[in-house]
Amino acid sequence: MLLAWAAKDFPAWGDPQSPASSSPVASHFIANTGVDTEVPNMVTAVLADYRGFDTMFETVVVFIAGLAVFSILRGGPKSRTRDREFVVDFEPDLIVTNTVRLIVPVIQIFAFYVLAHGHVSPGGGFQGGVTMGASFILIALSWDLKTALARFPIERCFTVAALGIVIYAGIGLLSLFLGGEFLDYAHLAKIFPVSPEMARYHAMLGVEIGVGFTVTAIMFALYASLSTDGRMRDGL
């Protein structure tokens, strides 16, 4: 109720005179995003390019959060909840599992679509990663965690999560080695047959893929850890 009452002070939707729209920073992005990056979606350009350093460390925070939860639950006191056994003695529902078999590929294809089309429509690495991670959680809920871990083992989760950060930072380091600043994608035009603007366009897709890897893996790892109290068996 307090938030709804405070929302009365918000400027009208799309008001060009609102503080967010009239500030020099916002005006710069609105005027120059298309020129600098060839990316129609200004949100993606801001997140993955103009403030790419911040977004990279947001991805690192997600990775560290997953490691922290996994380490705490795996290394906690043995008596905390280890005496509470999860009884899993049931046959997966035929209707549920066959429905999931049909929709999981669709969910995963849509996750790739959201990731790849983040330049021109709402989406990107975080959204695509969450969608992909949800597909593995759906498998665990429909069958059991063992079935989901057979497709995406917990060790591979952290390998994929770390790979995502390596991809992101690697693109930034490559820009640095080519004479630019860290995450200055325009300098990638020196090795790719594209303009500096298109180099930034394609590099943003690369870093979004890295973000998608990390978010997908950590989201599923968090579910696996929390649902089993770190035991990686039985669970919900």
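Of the 236 residues of the protein, 41% count as buried, where buried means under 20% relative accessible area, exposed over 50%, and partly exposed in between (1.4 Å probe, protein chains only). The model is predicted: local features need pLDDT of at least 70, side-chain atom pairs count only at pLDDT 80 or more, and totals for chains, interfaces and linings use all residues. Residues are numbered from 1 along each chain as its sequence is written, and side-chain values use heavy atoms, with hydrogens and water left out.

**Exercise 1. Describe the secondary structure and the overall extent of the protein.**

Step 1. Take helices (H or I, at least four residues) and strands (E, at least two) as DSSP runs, numbered from the N terminus. The protein then has 10 helices and 0 strands.

Step 2. Along the sequence, the pattern reads α-α-α-α-α-α-α-α-α-α.

Step 3. Along the principal axes, the C-alpha atoms fill a box of roughly 60 × 50 × 40 Å.

Step 4. Define a contact as heavy atoms within 4.5 Å. Among contacts between residues at least 6 apart in sequence, 66% join residues at least 24 apart.

**Exercise 2. Characterise the surface of the protein.**

Step 1. With accessible areas from the Shrake-Rupley method and a 1.4 Å probe, the protein exposes about 13,400 Å².

Step 2. Carbon and sulfur atoms supply 70% of that area.

**Exercise 3. Locate the salt bridges and state the burial of their residues.**

Step 1. Apply the criterion: a side-chain nitrogen of Lys or Arg within 4 Å of a carboxyl oxygen of Asp or Glu.

Step 2. Asp49 and Arg200 are both buried.

Step 3. Arg51 forms a salt bridge with Asp54, at 2.6 Å from N to O. The side chain of Arg51 also meets that of Glu58 in a salt bridge, again with an N to O distance of 2.6 Å. Through shared partners, Arg51, Asp54 and Glu58 are joined into one network.

Step 4. Arg51 is partly exposed, because its relative accessible area is 29%. Asp54, at 39%, is likewise partly exposed, and Glu58 is partly exposed at 33%.
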